[in-house]
Amino acid sequence: MLAIHLAPDGRPASVADLLTRRRIRLLQTTLDRFTAAALHTFDGVNGIVLLPGGAEPPARCWSALATELAEQFGVAVTLAENPATALEDIRPAAQQAAELAELAHLLGRPTGAYGLDDLLLEYQLTRPGPARDRLAERITPLLDSPHLIRTLDAQLRHGADRKSAAAEIHVHPNTFSYRLRRIAELTGIDPSDPSGSRLLAAALTIHRLYPVSEGPTD
């Protein structure tokens with residue numbers, strides 16, 4: 001089973017129906033070159049492809065499919081594979097695959113095919129529940145200070161290499177250190193501490209997927 005997710009292309013609603021019909025035809029033509037007897041449902045943005053039983057093509061085949069679809073559609077395409085699904089498990093498997101395909105897009109992953117193993121941490125972090133909501137709250141004190149968000153992001157990417165982190169956002173290392181102290185004051189979590197950085201990294205991931213202005217939805 002494959003889930004398909006297309007990035008928005010900003011085209012006006014007046015051409016939406018025509019575009020959807022064209023994309024459905026292109027999808028069918030492209031699928032026919034990659035696998036036989038596949039069934040699909042596709043609304044022009046999201047879709048599920050049921051693959052025939054038997055030996056499944058290697059993952060690189062689906063990456064090639066994503067690349068070709070992106071070229072055909074003119075937008076980024078993320079696929080998510082959920083292999084070898086029993087008949088009674090099709091509905092939950094399709095839902096999980098669709099969530100993974102959309103998650104890959106929201107995380108800014110490039111066109112390609114992804115599985116649960118590729119997005120384990122991010123997928124688990126985004127499961128609805130009180131823990132996710134509490135994590136999201138950890139980053140709230142920084143939302144009115146975009147420069148602190150950029151600083152935190154650089155710190156999380158570079159870790160102990162503070163000089164490189166400061167250079168990435170074009171500030172002096174002393175300024176960078178001051179901002180880290182400010183982040184610790186506002187959130188109560190020290191971003192230079194390993195456990196604190198992991199907590200803030202999780203909170204930042206959730207914030208990017210579910211901005212406070214939109215609010216997490218269950």
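## Annotated domain

UniProt, in an unreviewed entry, places the feature "domain: PucR C-terminal helix-turn-helix" at residues 148–205. UniProt positions follow the numbering used here, feature names are shortened, and annotations may be inferred rather than shown by experiment. The model is predicted: local features need pLDDT of at least 70, side-chain atom pairs count only at pLDDT 80 or more, and totals for chains, interfaces and linings use all residues. Residues are numbered from 1 along each chain as its sequence is written, and side-chain values use heavy atoms, with hydrogens and water left out.

Residues 148–205 are 78% helix and 0% strand. The end C-alpha atoms of this stretch are 15 Å apart. Helices (H or I, at least four residues) and strands (E, at least two) are DSSP runs, numbered from the N terminus.

## The sheet

Five strands form an open sheet with mixed pairing, in the order β2-β3-β1-β4-β5. The edge strands, β2 (39–42) and β5 (112–114), each pair on one side only. Strands pair if DSSP finds at least two bridges between them. On average, neighbouring strands are turned by 20 degrees against each other, direction ignored.

β2 pairs with β3 (residues 46–50) in the antiparallel sense over 4 bridges. His40 has Val49 in β3 as its bridge partner.

## Helices on the sheet

Helix α1 packs on the sheet and touches β1 (2–6), β2 and β3. Its direction makes about 155 degrees with that of β2. Helix α3 (residues 90–106) also packs on the sheet, touching β1, β3, β4 (77–81) and β5. The α3 direction makes about 145 degrees with that of β4. Axes are lines fitted to C-alpha atoms, for helices over the stretch in contact, and angles run from 0 to 180 degrees between N-to-C directions.

Arg23 sits in α1 (residues 16–34). Arg23 counts as buried because its relative accessibility is 4%; buried means under 20% relative accessible area, exposed over 50%, partly exposed in between (1.4 Å probe, protein chains only). Beyond four places in sequence, Arg23 touches Leu6, Asp9, Phe42, Gly44, Val45, Phe73 and Val75. Contact means heavy atoms within 4.5 Å.

## Nonpolar cores

The largest nonpolar core has 20 residues. Ile4, Phe73, Val77 and Leu79 have the most contacts inside it. Such a core is a set of buried Ala, Val, Leu, Ile, Met, Phe, Trp, Tyr and Cys residues joined through side-chain atoms within 4.5 Å.
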